[in-house]
Amino acid sequence: MNRPSLSLHIPEPISRPGDPPAFHNMSLPAVGETRRPDELEHERNMRDLPYGLIRVLDDQGTPRGPWAPRIDPQVLLKGLRAMMLTRAFDERLFRAHRQGKTSFYMKSTGEEAISTAQSLLLGKGDMCFPTYRVLSWLMARDYPLEQLVNQIFSNEKDPLKGRQLPILYSARDYGFFSISGNLGTQLGQAVGWAMASAFKEDDKIALAYVGEGTTGEGDFHEAMTFASVYRAPALICITNNQWAISSFAGIAGANETTFAAKALGYGLPGLRVDGNDFLAVWAATEWAVERARANCGATLIEFYTYRAAGHSTSDDPTKYRPADEPEAWPLGDPVDRLKQHLIALGEWDETRHAALAEELGQQVRTSVKAGEAVGTLGKSKPSVREMFEGVFRDPDWRVIEQRRELGV
Ligand SMILES: Cc1ncc(C[n+]2csc(CCOP(=O)(O)OP(=O)(O)O)c2C)c(N)n1
């Protein structure tokens, strides 16, 4: 019998360095087109949503369609400020790495709207299980910049005492669980935390972030099963920024279906949202939060966005994607789009925008100076004694022994 030979399919991105960016082929549902079911609707009645795209702001910065949220302009301005501060901080601290002041840095350029809106929407006592790309969560809650800088410089005043890589922050009082460098592990913890909240008959909910690349890991699927079976009050947010270091989203399955559609196999609602549209992020999050608080369980949200900068200070994206791809992203820049909306509302203008950028730049410079005064990488370190503290409630004999050997 002559059977045709098989061939292994290996997905490849449409454009590589030197090619023109290929987003013109992307099929985007129109602004306002995706329907908005009631928050308490049964999952079986909204299985079309993972294939839509919740978009609110049109090209003129005007909100359109059923998802258009009502947001106080003061809150919008707070959001804009947090996003701009994140960007200014990222720029400055990335440079600090090039100047040898820190060992590592990661930017979230282009993705700032997501964690800003979500940070403003979730309440005190709720818990975010972050990735390394959601700094704007902390910015939106006015986390002290000096603390960030001290951790990035791994100096004596590092609030985490040198126990975490720079930028893997931990800020319980800001609803920000310790970031884990081991991808995917946050999801099980987030769902477990949410299950515990329901078990204790508390009213708190959890929010977890995961990159689209990381959805290929078992941890994601295990967490989804638990979230569905136990109706965990959780938002599981996939940030689909198109790239996982040098692997394009197709390697994680983007050519086969949407990431939001992963929800279908678990019987969870799945929303797909323009992650560069602050209002769309807000509206989808509000919807899922209301559902979770009403004890209807978890929602999976795919934020469709683009990682405009390199993966980290160790990465050079021009090696694997067209250099002008970030500017070609069809859904624009989140800061520009929120700014345009505020101007359209009559709440903002170019002069105030420039003044705010200047003020935030100054704030970042001041915090970096304060960190430098304590010490940059290798110039100042947390004390060795602290290595033995805060791990065991009652010190283990090995800790006592090691401490004695070191004489601290
Ligand atoms: C378990 C594990 N495997 C691999 C890595 C190395 N690693 C760090 S970031 C990254 C890419 C993650 O991509 P994605 O989930 O899409 O998130 P993004 O960085 O795009 O925000 C990889 C493979 C890791 N940190 N942990």
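For my tally I count Ala, Val, Leu, Ile, Met, Phe, Trp, Tyr, Cys and Pro as nonpolar, Asp, Glu, Lys and Arg as charged, and the others, Gly among them, as polar. On that basis the shell around the ligand comes out as 5 nonpolar, 7 polar and 3 charged residues.

Confidence next, since this is a predicted model. I found a mean pLDDT of 97 for the protein chain, with 100% of the residues at 70 or above. By element, helix α7 (residues 278-293) has the highest mean, 99. Helix α11 (residues 397-406) has the lowest, at 93.

Then I went to the ligand site. I counted 15 residues around the ligand, and the closest are Y132, R133, G181, T214 and W243.

The side chain of T214 puts an N or O atom 2.6 Å from a ligand oxygen. For W243 I looked at the backbone: an N or O atom there is 2.7 Å from an oxygen of the ligand. R133 uses its side chain, with an N or O atom 2.9 Å from a ligand oxygen. I also noted the cover: the ligand exposes 590 Å² taken alone, and the protein buries 70% of that.

Technical notes:
Residues are numbered from 1 along each chain as its sequence is written. This is a predicted model: local features need pLDDT of at least 70, side-chain atom pairs count only at pLDDT 80 or more; totals for chains, interfaces and linings use all residues. Side-chain values use heavy atoms; hydrogens and water are left out. A residue is near a molecule or strand if one of its heavy atoms lies within 4 Å of it. A polar contact is a pair of N or O atoms within 3.5 Å; within protein, one must be able to donate a hydrogen and the other to accept it, and residues adjacent in sequence count only if both atoms are side-chain atoms. Accessible areas come from the Shrake-Rupley method with a 1.4 Å probe; for residues, only the protein chains shown count as cover. pLDDT is the predictor's confidence in each residue, from 0 to 100. Helices (H or I, at least four residues) and strands (E, at least two) are DSSP runs, numbered from the N terminus.
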